[in-house]
Amino acid sequence: STIVRMLCGILAPSAGGGQVLGYDLVTQPELIKRRIGYMSQKFSLYEDLTVEENLDFYARLYGVAPRERKARVAEMVALARLVGGERTLVADLSGGWRQRLGLACALVSRPALVFLDEPTSGVSPTSRRDFFNLIQGLAEGGTTVIVTTHFMDEAERCSRLAFISEGRLIALDTPARLKTGVLEGVLVELALPGAIGRVEEVQALPGVRECTLHGALLHVLLADAAAIPGLQRATGGTARVITPSLEDVFIALSRRSRQEVRT
């Protein structure tokens, strides 16, 4: 969230610098604000105004010309699938509707670049899926969308991912390349009794590079497939080779990053 707010020109960087749409973060933050859309993590619309009134307010705020506002508001209502609720107070909207209205307000100026800061926190899985369908439609239409999320299923749908851990950028690539090009070795899913209390035991076995708990199972990164029989004999469990998930990759990269900082 802090990084996004700096990129939006809301917070001044304490060190370093950067550019957004060719404008400098430190010296031209107001120019950045005029040319982007931003949906904050915290719901920031006016609950005592209707859907239509919120959109009109943000259209004015973003400098949409008076002669274009009515048509632009109607366009955003249709885009966010809010038709029929134009005169509903925001206070009476469901979480999914509020979420779509927040996106519509961020898009009302037709920005080329939109920042969405954890936009799906606190809503149902169905609403999250519908919201990301809207985002993908925007991206396919030529809008650049930068999203922060802690849901890996949402990250999976992005074209490029940046993993950040403890304020450091630890990876930047496509989901497919991250899943196939980061972990060195063979990843297996290990089912065994009392898995939750045996992580350290498994971690110490020969050929084991990393071991993490995933529900009632363990994900174990081995040096190679030849270590699988020994792992099963030592633990009494059953192992099967699996494709790394983004969560597996993030955990491995975060651990590696912390180790590098210590050394």
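Q: What makes C8 count as buried?
A: Buried means under 20% relative accessible area, exposed means over 50%, and partly exposed lies in between, all with a 1.4 Å probe and protein chains only. C8 has a relative accessible area of 2%, so C8 is buried. The model is a predicted one, where local features need pLDDT of at least 70 and side-chain atom pairs count only at pLDDT 80 or more, while totals for chains, interfaces and linings use all residues. Residues are numbered from 1 along each chain as its sequence is written, and side-chain values use heavy atoms, with hydrogens and water left out.

Q: Why does C211 count as buried?
A: C211 has 2% relative accessibility, so C211 counts as buried too.

Q: How do you know what helix α4 should span?
A: Helices are DSSP runs of H or I with at least four residues, strands are runs of E with at least two, and both are numbered from the N terminus. The expected span of a helix is 1.5 Å times one less than its number of residues. For the 14 residues of α4 (residues 66-79) this gives 20 Å, and the end C-alpha atoms are 20 Å apart, so the two agree.

Q: Which residues of α4 are buried, and what do they pack against?
A: They are R69, R72, V73, M76 and V77. With contact meaning heavy atoms within 4.5 Å, the buried residues of α4 pack against α3 (51-61) and α5 (95-107). After α4 comes R81, with a positive phi near 55°.

Q: What makes a set of grid points a pocket, and what volume has the largest pocket?
A: On a 1 Å grid over the protein atoms alone, a pocket is an open set with protein on both sides within 12 Å along at least five of seven lines, whereas a cavity is a set of points where a 1.4 Å probe fits but cannot get out; lining residues have an atom within 4 Å of a point. Points are joined across faces, edges and corners, and the volume is the space filled by probe spheres set on them. The largest pocket has a volume of about 1100 Å³. Among its 33 lining residues, I146, V147, T148, R160 and A162 are the closest to its centre.
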